[in-house]
Amino acid sequence: MNFNPILQKELLLKKSQQKKKISPINYKERLFVLTKTNLSYYEYDKEKKGSKKGSIDIKKIRCVETVNQEEQAPLERQYPFQVRSQNTKLIFSVVNHYF
């Protein structure tokens, strides 16, 4: 019996967190899975869930908000938003393969 059912699964672009100052800014497709307790994200390869890359406890999320769009952003990064917790800021954009 699954006590933490999946509420939503979605493919999103995730912006790199740039943990090193010299790291380039990049975006990668990640499969996001929302349950009642966590927002987790996984490597993505052709509609299959890969290894888990990270997770945020829902109770620790402080805000979800839109962010300013970068100048001349490609179509797939037109609608960015961020999820903030005490120690984490994740920036996403919706992936739309129909552009």
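Is Ile58 buried, partly exposed or exposed? At 28% relative accessibility, Ile58 counts as partly exposed, where buried means under 20% relative accessible area, exposed means over 50% and partly exposed lies in between, computed with a 1.4 Å probe on protein chains only. Before going further, please keep in mind that this is a predicted model, in which local features need pLDDT of at least 70, side-chain atom pairs count only at pLDDT 80 or more, and totals for chains, interfaces and linings use all residues. Residues are numbered from 1 along each chain as its sequence is written, and side-chain values use heavy atoms, with hydrogens and water left out.

**Overall layout**

- The protein chain has seven strands and zero helices; both are DSSP runs numbered from the N terminus, with helices being H or I of at least four residues and strands being E of at least two.
- Read from the N terminus, the order of elements is β-β-β-β-β-β-β.
- The protein chain has 99 residues, of which 27% are buried.
- Among contacts (heavy atoms within 4.5 Å) with a separation of 6 or more, 34% link residues 24 or more positions apart.

**The largest nonpolar core**

- Eight residues make up the largest nonpolar core: Leu12, Phe32, Leu39, Tyr41, Ile56, Val83, Leu90 and Phe92.
- Strand 3 and strand 7 (89–94) each supply at least two residues of this core.
- A nonpolar core here is a set of buried Ala, Val, Leu, Ile, Met, Phe, Trp, Tyr and Cys residues joined through side-chain atoms within 4.5 Å.
- As background, nonpolar side chains tend to be buried together in soluble globular proteins.
- Leaving aside neighbours within four places in sequence, Val83 is in contact with Leu39, Ile56, Ile61, Cys63, Val64, Thr88, Lys89, Leu90 and Phe92.

**The second largest pocket**

- The volume of the second largest pocket is about 200 Å³.
- Its lining has 13 residues, and the closest to the pocket centre are Leu12, Phe32, Leu34, Leu39 and Phe81.
- A pocket is an open set of points, on a 1 Å grid over the protein atoms alone, where a 1.4 Å probe fits, with protein on both sides within 12 Å along at least five of seven lines; lining residues have an atom within 4 Å of a point.
- Grid points are joined across faces, edges and corners, and the volume is the space filled by probe spheres set on the points.
- At least two lining residues come from each of strand 1 (6–15), strand 2 (27–35), strand 5 (61–66) and strand 6 (81–85).
- Strand 1 gives the largest share of this lining, four residues.
- By type, the lining divides into 10 nonpolar residues, one polar and two charged, counting Ala, Val, Leu, Ile, Met, Phe, Trp, Tyr, Cys and Pro as nonpolar, Asp, Glu, Lys and Arg as charged, and the others, Gly among them, as polar.

- A search of the whole structure finds one salt bridge, meaning a side-chain nitrogen of Lys or Arg within 4 Å of a carboxyl oxygen of Asp or Glu.
- The partners are Glu43 and Lys53, whose closest N and O atoms are 3.9 Å apart.
- Glu43 is in strand 3 (residues 38–45) and Lys53 is in strand 4 (residues 48–57), so the pair ties together parts that are 10 residues apart in sequence.
- Glu43 is partly exposed at 33% relative accessibility, and Lys53 is partly exposed at 43%.
- Gly54 also lies in strand 4 and is buried, at 15% relative accessibility.
- Not counting residues up to four places away in sequence, Gly54 touches Leu39, Ser40 and Tyr41.

**Loop residues**

- Ile58 sits in the loop between strand 4 and strand 5, and beyond neighbours within four places in sequence it is in contact with Leu34, Thr35, Lys36, Thr37, Asn38 and Leu39.
- Ile58 and Ser85 are 27 residues apart in sequence, and their C-alpha atoms are 8.8 Å apart.
- Lys36, in the loop between strand 2 and strand 3, is exposed at 60% relative accessibility.
- With neighbours within four places in sequence left aside, Lys36 is in contact with Asn4, Pro5, Leu7 and Ile58.
- Ser16, in the loop between strand 1 and strand 2, is buried with a relative accessible area of 19%.
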